[in-house]
Each structure stands twice: as C-alpha cells, then as structure tokens.
Amino acid sequence: MQNKGLIKVFAILFGLVSLYQLSYTFISARVEGEAKEYSENLIADTDPEGRDRVEAAYIDSLSTQSVFLGIDYKTAKEKELKRGLDLQGGINVILQISVKDILNGLANYSKDPVLAQALSDADELQKDSQDTYLESFYEAFEAIPGDNRLASPDIFANKTLSEEINFDMTNAQVKPIIAQKIDESITSAHEVLRKRIDKFGVTQPKIQRLGSSARILVELPGAKNIERAKKLLQSTAQLEFWELYKFEDVFNYLNDANSVLADMQVDETPEAETQTDTTDAVSQLLGGQDADGENETQTSASPLFDSFVSMGGTGSATLAVVKLTDTLDVNAYLRTKEVLARKPQDIKFAQFVWGKPYLNDDGVEVTHLYALKGNRDDVAPLGGGVIVDASQGYDNRNRVAVDMQMNGTGAKIWEEMTAYAYTNQSQVAVVLDDIVYSAPGVSTGAISGGRTQITGNFSVLEGADLANVLRAGKLPASADIIQGEVVGPTLGKEAINSGIMSFGIALILVLLWMIFYYGRAGIYADVALVVNILFIFGCLAGLPGAVLTLPGIAGIVLTIGISVDANVLIFERIREELRKGKVQKLAIKDGFNNALSSILDANITTGLTGIILLIFGTGPIKGFATTLLIGILTSLFTAIFITRLFIDRYTTNGKPLPFSTPLTKNLFANVNIDFLKKRKIAYIISGILIAASLTSLFTNSLNMGVDFVGGRTYTVRYDKDVNATEVSQDLVAVFGSAEAKTYGGDNQLKITTKYKVNETGTEIDQEIERMLFEAVKKNLPSTMTTYEAFTSEDSGRQYGRMESYKVSPTIADDIKQSSILAVFGSLIVVFLYILLRFRRWQFSLGAVVAVFHDVLLVLGIFSLTYKIMPFNMEIDQSFIAAILTVIGYSLNDTVVVFDRIREYFNEHSTWKMNRIINSALNSTLSRTLNTSLTTLVVLLCIFTFGADSIKGLIFALMVGVVVGTYSSMFIATPVMYDTVKKRGIDLSDKNEDEEEPTA
C-alpha cells in the first residue's frame, strides 16, 4: 500500500479531532450531572420544580466560568453532540403560517364578495390538493364567473400596495407580486419566531423554514414547559388599544337581550349570525334539547343574567363577571340573530370581548365581560406596531406587569386616547390576541411620552414571555401546529439507557465473532471497527446540524454490520488467494485490490438510498440517514486503510497471519451448490409468498399510522398492567373513535384518535388531552388525580402521558407523497447505477425484481402479523426508512454477487454461463452468510434491548436482511440469467459486441 505515512497522519489527526469534538459533550455532561446532584441534595424530591430551578441556577453560575482546560459550560453546551427529542425530551412542531390571513391583510381585509368566495373555495380545494394555498387561491379566483381582476381597487390594487400594483395590471402581472409579498411575510414570521425562541431558555433550539413553503419547523430539545412553548409559538401577539363602553352605556341592551331570550320558545333554535362553535350551545341552552331531541333543561326566566356571577356597576367598564365555563353560553346568547337585531344605534359597532381569566376568592376560574368601542372598519385606534420595547416589571401594588415604550406616532395617539379617557372618566382596554389583559382608568390626565403598562395576574415567567413576544413583534398571520411531537424527559432517559445497552451488547458480540472467525486478523478488524465508531461520533459532534436520534443509534449499530461486511469481503478474498497457492504478501495485496470493486459498489448503492432518505425524511429519520451515510464513509476508510496498516505491519518480515481459526479454516471452502438448478423451486416459493402478501395487503391492509392518515397519538403509562380492550371502550365513549394498543410492557398503551383532527390550536390540544385524562384516569395511580399531574413534564415522573404526537391530514398527505417518491426514486436511481456499472440492463432488471420481491414480502409480513405482534407495527416514517434500508441492503448483497460474476467472465472465458454464475454464488456464499449473520445479531440486540418506539423499524430490517440474503442468491441472479438465456455471453470488461443468442 502506497502513502502509508500520509494515511497514518490522517488517521491520527482524524482521531484526535474526533476526541476533541466529543470532549465538549463530556464536559457539559459532567457539569449537568454535578448540578443535578447538587439540586437533589438541597431540595426534597417532593418539589421537582424547585429542583429544576436550583439546577438551572447552578448551571447558570458556571455558564462563563472555566470548568476544564479553559472551556466554560456555555461553550461546551454549544459544541456538544446534539441529541434529538427522543433522547432528551422536548417539543418538535411544524407550524403552518396562514397564507389566507396574509392574503386578507394584503387586500386590507376587503369585504369584496369575489375575494371572499375565492378564499372559501381555496379552503375546500386544499383538503384534497397538494398545491400550495396560493395556487389553490388563484385556481379558485379564476374559476369564479365574470371578469374578475386581482388588480381591482377592492382587492389588491389598494392604498397599501399602490406602489407595486396599479389598476391596469393583468392577473398574470399581479401574481408574482403577491407571491413575493407572501414570501416576505413568511420570512418575517420566521424571524419573529426566532427572536421569541432565543429568549425561551433552551439550548440548541432549531428553527427552519421548510423550503419555500409556508411551513416552519421548530425544535426545542429539553423544553420542560410544553404548554408555555406552544403558546409562545402560536401567539400572534396582536396587541391593540381600544376605548371601552361603560356599564351604563350597555346595560339597557343587555337587559333587552335577556328579555328576548326569555321570551323565545323552548323548542326554537334561533339562527346565529356567527355559528362558529355556537350552534350546539344555542340549541341546548335555548331549546333545552340534546342531540337526540330529548328535553333535558328547563327554560330560565333570565337566561343571560343567570349566566353571570355578578353584574358590573355604574362607571365601570366591566359589564359582568362570568365563570370561564359559561363564556361559550354567553357568546351564543349575544350572537343570536334576535338579540343582535335589538342592538341600538349608539353601540352598533360594539364588540363584546373577555378579560384574562383568574381565580376568584372561592377558587373558581372567572373572567370579565367588556364592550369595545368598535367602528365600521373594525380597526383599533392604536395597534401594537408602535411598541419599540417591552420588559417585565412590577406595578405600584408590586404585581408582575409588562412595561412598554411606544414610538413617536404611537405616543401621540396614546396621549389623545388617555386624555379622552380622563375627561370622560372611562377606561382604555389593552387587548392581546382578542383578550383584555388590563383596562386601566386614567386619573392624572393625559399620559405623554408613550409609556404604558399591562397588568393581568401574571406570573414572573408569563410576564417575561409576554415582554419577549411584544419585543419580537407580532406574527403577520396565525400559526397553527399541523404536526407536533412531545417527548417527556423520562422517555428520553430510558431511550438513552436502552440505546447504550443495545449498542454495547451488539458491539461486543460482533467483536467476539470476528476474532472467532478470522483469528488475529479479526482483532485488527475489531480495532478498525472501534476506530470507525470513534470517527462516526466525532463527525456527529462536529458537523453543524447533525443530531443523534434513537433511529440514529440504530443507524450506527447497522453501520457496524456495514463495516464488518467490508472486512469480511477483504478477508474472504485473501483466503481465496491463499488457497490458490499465492504467497502471503501477494495474497494480501490481491485480496484488498480484488475486494475493492465489490466494496465500493455495495456501499454506493446503500449510500444512494441513504441520500434519498436524507432528502425526503424528517426529524429522527434524518438522524438515521445521517448516521448511515457517515458510517458508510468512515467504514470504507477504516476497513480499507486502517485494517491494511495493521496487517502490513504485522506481516512486514514475512510473519504468517492466518485469516481463520482451526474451526473456520475450510468452512464454505468446497461448497458446490447448483443455485440455478434450484431457481424454479425458488420462483414457486417466492410466488406463493408474494401471492399471500398481496392477498393480505388487499384484504387485511396495513396498520397505517398517523403519519399517513392524520390524527393524534399518546403514550400513556400506568403503575399496573391494564387491559387495552377495556381502555379502548372507555376512549370510544369519550372520543367516539379511538384505539388503544399495548406498547412495550402491559402497563403502557399507545392511544390513537382522529377526534377533531382538522382543528388546530393550543386550546384544542388541551381540550383533547383533558378528555383523554378523563377517559383513562380510573386506571392511573391513585396519587395522579389532576390533569396537571397527568401531563407534567417533571423529569422524575414515571406515569401519565409520557409522549404525544399529532399530524394534520394536510401534512399526512404530504408525508405519504414524499414516502412514495422516496421508494420509487431509490429504485430508479439504483436501476440506473447498476446499468451504468455493469452496462447491461439484465443486471438492473434482476436487481430491481429482487428489490420489489423483498419490499413486497416485508409489506406482506407486516400486513399478516400486525394484529398479533406484541409491539407497534404501524406504517409510519420509520417504516419507510426501514424499506429504503432494506432496498440498500438487498442491493448490497446482489451487487457483490454480480461483481463476482463479471470477474469470473473475465477470468474463465471458456466456461459455460451456468457454471460461471453458480461458481460466483458459491464463492461469495461465505461472505453473504457471514455478513447476514452479524447484521442479524446486531439487529436482534437492538430489537431485544432497544426502545419500544423503534421495534417496528428493527423488525422490518430483520425481515429485510433475511429476504434480501435469499433474493440475492435465488431471485436477482436467476432473473438476470433467464433474461439472457444463452451461454458464453461476454460480461467481461472488453467492449466487444455480444454474439447472437443461440436457440
């Protein structure tokens, strides 16, 4: 081997850099371990929040202090090996920025009927379309009859866009301008969210716009307060300042409304002007009927006033105090058509809004009802865009408040509003996202200078978050979570422990096997394998954006098999050369050289599927693809060069190096199986298996996960074994449609429901989780009596809701499409690569037929067994990753055989084709079985000792290894042979024309 010195230097430097990169991980882990121990010694385990505060304070105190060789904790944390959510807990969401809201804003919230219809039709088109919302909007707009123009003064040729759009523009000219404005708004939303997240307090947050779409990926690893994180991400921060009506200005109208409601017939269901989530409430509260039409409630003489805890008073802006649970009823009353018709002219544009909820003296959650002085355009006199700074502070009663500073324009308007309020002894409402946070009166005259304050029973954390949101600015449109995953810290710790255990056991078994099979040469291969693992972790720690996930650990363990495969190929070739009678030095040289082609081809085909997986995968699956690709590159280097360095050094003086042990010396040496003669039997067996698979797929289908159909899943753990069927019945009673399956142990269930799958928002998520708690609480520990305890993110919690995952139908369709593209894309790429390398379509056909065979069998086994297997066998993104890996593995085996066939054609030009193919298959049998066995052992370790969440992925890989090994010998090569059907075909490297096939 040439350039040994250069290779040694590179390997040593690579190893030192890897150790250096990993040192940051050890430093940060040590500090965090000391902080945890300190908090546990200081604070009792009954106060987990107190422990978290002490732990955070300890870490903060060392943030910029040197803890090891001049490295501080902050630097170490920034450069440590990044872990995914599944290994440390946290939240991962994809936010959909509402393009509809942006379009409405660009149109100045026009009431134009054509615009309104186009937006409504676009909503319908989006339900079954893969187009962007903007494309659907254009399609809907152009489908409306008439000469409709985007440049209408009532749509986009308005005052706001006057510099970009004029009345004479065609629709084709307007479209790119609107697209640019939407892109700018989404970019603005990305920046606003980044500023908010920067102040959230988690390390290594990730925020990324997904391509040019209106979707933004946010990852907050280690986040403990999940609800706080969701509110921070979804709050539009629409801050407005409104004048308020006094109680006496509105009382007569409320009194009339109360009388109208009392006079309405029990069996009537008044038509509401706005029916969003109010129809059922009006029907029940005014009609007194349930869904079946049975009268269950009595008519109230004072339906509206009976919903009030208390009324406001003269001079007050509070109209009433209402229980939070009764606000939906009051909304329904006030939106009823008959009530709206009685609204007097002087409060025609009044908007009824609620204040921030709080607990009253009786411990009941209540809120205040206010009436804003609205206007025809529904535009606040003063908006939040004038805020230039905000900070958390305290008011004169030492309550938490948020201090704000306005710009010059805002300060002037604020002075006018407060002057009016002082003169009329009225109040001004500070409204954030349609909730009145405070309604201060003005007792000392107009307020100049633009400073104001928001109060609202905040905690210090809430006040700091609100100030952060106001500083960052408002989102240009609403942001809905269309895909979200929450992983509790307990599951993260368990995943790390199980990952380390499975990794360690697999590594030990492989190291022992290599020594058993190849003796001293196996020891050198083991050293190269350990160095390979060091390189992989070093790359993961040093590469920006690389994250270690649970499937990533599976990818690393799978890489062990890939690394072993390269060494096995080399050692088997050396053994062949030795059996031919070559001297050891020449046998080693030729063994490495002859194996190189097979190693490169096999790893390139696997790498191509890994690249496709990296492109189309998301989240943890990207982690799997990343580690797989890194592992392929490092295993090539270590197997080809590191192993060679040790072998050459040992044999420098002619010292004999046996590449076997007494037990394995002649194993598979004289095997002579007629594979082609048995191909018809193999065709029949495969045909039966494929027929059974297809029958099951069409009749039994597959267990489709929420990744592909949408919905919500929750992992719930109990302190005792539970019956999944009984829990399913309880869930159906609450949700109407739900399913519970045992997940891991009998005390843990995976619960899936499509209840309100099309609805988004923090309130909806909380509503469903509260319903979940009510459905499962009878089996929970007796100490877990509240929803808060059930969903707590306390790192020491062992029971309750451990994990949640949500996918909207829209993004489920996108995931399904991406998965189909990934699978078929990998098949096309591989077909073309093999055609390029072997220059004959028969090789490509044989390989692709074998891959289809393997994929169908894996799908069939999942379809046949998912109802009886004791682990999760859902078809999700992890399964697609497994399918792509199976494709890569199957091709790996096939390409090695094809490579040997091509070589034999060069060496044995006089042999008949069937002899060449059989000899090639027999000569690679030792390598095929050796590699398959070690890979299966590795996968079995992960399956047995790894986390429950990846058992389905690993099972698919195990099945794939078995059928891939079988198909490379009995499907791919025979299909290639049968498509040629002649002897003496020239598959050598000579560029000669083929002779015509003989009859």
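Helices, like strands, are DSSP runs numbered from the N terminus, with at least four residues (H or I) for a helix and at least two (E) for a strand. A word on the model itself: it is predicted, local features need pLDDT of at least 70, side-chain atom pairs count only at pLDDT 80 or more, and totals for chains, interfaces and linings use all residues. Residues are numbered from 1 along each chain as its sequence is written, and side-chain values use heavy atoms, with hydrogens and water left out.

Let us stay with Lys231 for a moment. Its relative accessible area is 49%, so Lys231 is partly exposed; buried means under 20%, exposed over 50%, and partly exposed in between, using a 1.4 Å probe and protein chains only. Which residues is Lys231 in contact with, leaving aside its neighbours within four places in sequence? They are Thr762 and Gln766, where contact means heavy atoms within 4.5 Å. The C-alpha atoms of Lys231 and Gly761 are separated by 9.1 Å, although these residues are 530 apart along the chain.

Now step back to the whole protein chain. It has 31 helices and 22 strands, and its C-alpha trace spans about 110 × 70 × 60 Å along the principal axes. Of its 999 residues, 54% count as buried. Among contacts in the chain with a separation of 6 or more, 74% are between residues 24 or more positions apart. Helix H12 (residues 327-335) is mostly covered, with 7 of its 9 residues buried; Tyr333 and Leu334 are among them.

Next come the aromatic rings. A search of the whole structure finds 31 aromatic pairs. Rings of Phe, Tyr and Trp (its six-membered ring) pair if their centres lie within 6.5 Å; planes under 30 degrees apart count as stacked, over 60 as edge-to-face and the rest as tilted. Phe137 and Phe141 form a tilted pair, 5.9 Å centre to centre with 40° between the planes. Because they are 4 residues apart in helix H7 (residues 133-143), about one helical turn separates Phe137 and Phe141. Both Phe137 and Phe141 are buried.

Tyr253 and Phe352 make a stacked pair, because their ring centres are 6.1 Å apart and their planes lie at 25°. Tyr253 belongs to helix H10 (residues 247-263) and Phe352 to strand S9 (residues 351-355), so this pair ties together parts 99 residues apart in sequence. Tyr253 counts as buried at 2% relative accessibility, whereas Phe352 counts as partly exposed at 22%. Elsewhere, Trp513, Phe516, Tyr517, Tyr518, Phe571 and Phe659 form one aromatic cluster.

Some rings have a charge over them, meaning that NZ of Lys or CZ of Arg is within 6 Å of the ring centre and within 35 degrees of the ring normal. Lys175 lies over the face of Tyr138, 4.8 Å from the ring centre. The charged end of Lys951 sits over the ring of Phe943, at 5.1 Å from its centre.

The axes of H29 (residues 913-923) and H31 (residues 951-980) come within 12 Å and cross at roughly 160°. H29 and H31 are therefore roughly antiparallel to each other, a term for angles over 145 degrees, while under 35 is roughly parallel, 65 to 115 roughly perpendicular and the rest oblique. Axes here are lines fitted to C-alpha atoms, for helices over the stretch in contact, with angles from 0 to 180 degrees between N-to-C directions. Residues that meet across the pair include Ile917 and Leu921 in H29, and Met969 and Tyr977 in H31.
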